[in-house]
Amino acid sequence: MKTIHYIIVVISILSLSACTEIVDIELEEAGESKLVVFAEITDVPTQHAVYLSKSTSYFYNDESPAVSNAVVSINDGFETIQLTEDFNEPGTYLTPENYAGVTGRTYQLLIENVDIDDNGKTELYTAETEMKPTPPIEDVEVEYNDSWNGWEVKIYTSDPRETDDFYLFKVYKNDVLYTDTISNYWTTDDRFFNGNIINGARVQYFDEDRDEIVDSGDKVTLEMAGITEEYFNFINETIEEVSDNIPMFSGPAANVTGNISNGALGFFAVINLEQNSCIYNGE
């Protein structure tokens with residue numbers, strides 16, 4: 001027993017002394033810059049945007065550099081549209097006004113006339129994706145949950161049996177989008193309810209602890225979109241990367257898998273939207 005006690009003491013002392021050792025780690029800058037692309041084109045007539053920027057190193061403190069003077073177009077198999085760069089927001093490329101995607105069509109994004117690695121040679125980037133259908137939202141309900149300290153947004157809809165489906169949910173309060181970043185998106189697949197009627201499943205949330213307050217009389221709008229499996233995976237990988245991690249037990253950070261060619265980062269998505277609203281009655 002004394003021998004065991006001695007060993008434990010020695011190990012403890014070695015552990016404590018190891019904690020005081022100074023270790024110098026040389027951190028390299030990030031490799032060559034990559035094109036970063038993000039766009040959500042919907043079936044709602046409006047002026048949609050494609051955002052282009054450059055990736056930066058971990059220690060870069062400013063906003064990512066915008067990529068200007070690119071030639072950007074979208075083709076849906078029936079027509080090709082040219083996007084124009086926003087004069088006030090470099091790196092933001094706009095579709096014509098009242099442009100709307102069509103459910104069931106496959107869309108290709110083409111990005112030309114960019115030189116991300118500054119070697120004097122322009123590169124070509126493409127992405128291709130399909131606009132999936134979305135079942136209508138029959139009803140929306142908002143209910144306060146004491147256990148969660150927040151307001152649950154519940155959906156009433158039906159899921160088609162014939163297909164494996166993936167869904168994205170966003171929420172508005174009084175017509176202001178609350179889920180305005182990917183880290184606040186909610187997604188699900190239909191593995192547990194394929195082909196079934198959905199009566200009051202919780203698909204979005206207002207967190208009282210984060211001052212996301214819903215008052216009696218507030219209008220809450222739920223937005224639902226059928227998305228591809230690739231976009232579903234991209235959103236969830238992104239959320240995992242930006243979430244708080246425990247340094248000693250988390251894996252190393254990694255680039256999220258997108259759908260842009262030629263080594264670029266990001267995603268080009270086309271989505272069919274369904275919306276429904278309710279007025280919160282304070283219960």
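Reply: Here a residue is buried under 20% relative accessible area, exposed over 50% and partly exposed in between, with a 1.4 Å probe and protein chains only. This is a predicted model: local features need pLDDT of at least 70, side-chain atom pairs count only at pLDDT 80 or more, and totals for chains, interfaces and linings use all residues. Residues are numbered from 1 along each chain as its sequence is written, and side-chain values use heavy atoms, leaving out hydrogens and water.

Me: How many aromatic pairs are there?
Reply: Rings of Phe, Tyr and Trp (its six-membered ring) pair if their centres lie within 6.5 Å; planes under 30 degrees apart are stacked, over 60 edge-to-face, and the rest tilted. By this rule, the count of aromatic pairs comes to eight.

Me: Are the planes of Tyr144 and Trp151 stacked or edge-to-face?
Reply: The centres of the two rings, Tyr144 and Trp151, are 5.0 Å apart. Their planes meet at 70 degrees, so the pair is edge-to-face.

Me: Of these two, is Trp151 buried or exposed?
Reply: Let's take its partner before it. Tyr144 has a relative accessible area of 24%, so it is partly exposed. Trp151 has a relative accessible area of 6%, so it counts as buried.

Me: Tyr178 and Phe206 also form an aromatic pair; how many residues apart are they?
Reply: Tyr178 and Phe206 are edge-to-face, with 5.0 Å from centre to centre and 70 degrees between the planes. Strands are DSSP runs (E, at least two residues) numbered from the N terminus. Tyr178 lies in the loop between strand S11 (176–177) and strand S12 (186–189), and Phe206 lies in strand S13. The pair thus links distant parts of the chain, with a separation in residues of 28.

Me: Ile155 stands opposite which residue in S13?
Reply: Strand S9 (residues 150–158) runs antiparallel to S13, and nine bridges join the two. In S13, the residue opposite Ile155 is Ala201.

Me: Which residue in the turn of the S3 and S4 hairpin has a positive phi?
Reply: Strand S3 (residues 71–75) and strand S4 (residues 80–85) are antiparallel, with four bridges. Asn75 stands opposite Thr80 in S4, and the hairpin has four residues between its strands. In that turn, the residue with a positive phi of about 90 degrees is Gly77.

Me: In S5, which residue is the bridge partner of Glu85?
Reply: S4 pairs with strand S5 (residues 92–94) in the antiparallel sense over two bridges. This hairpin has six residues between the strands, and Gly91 takes a positive phi near 90 degrees. The bridge partner of Glu85 in S5 is Tyr93.

Methods: Two strands pair if DSSP finds at least two bridges between them.
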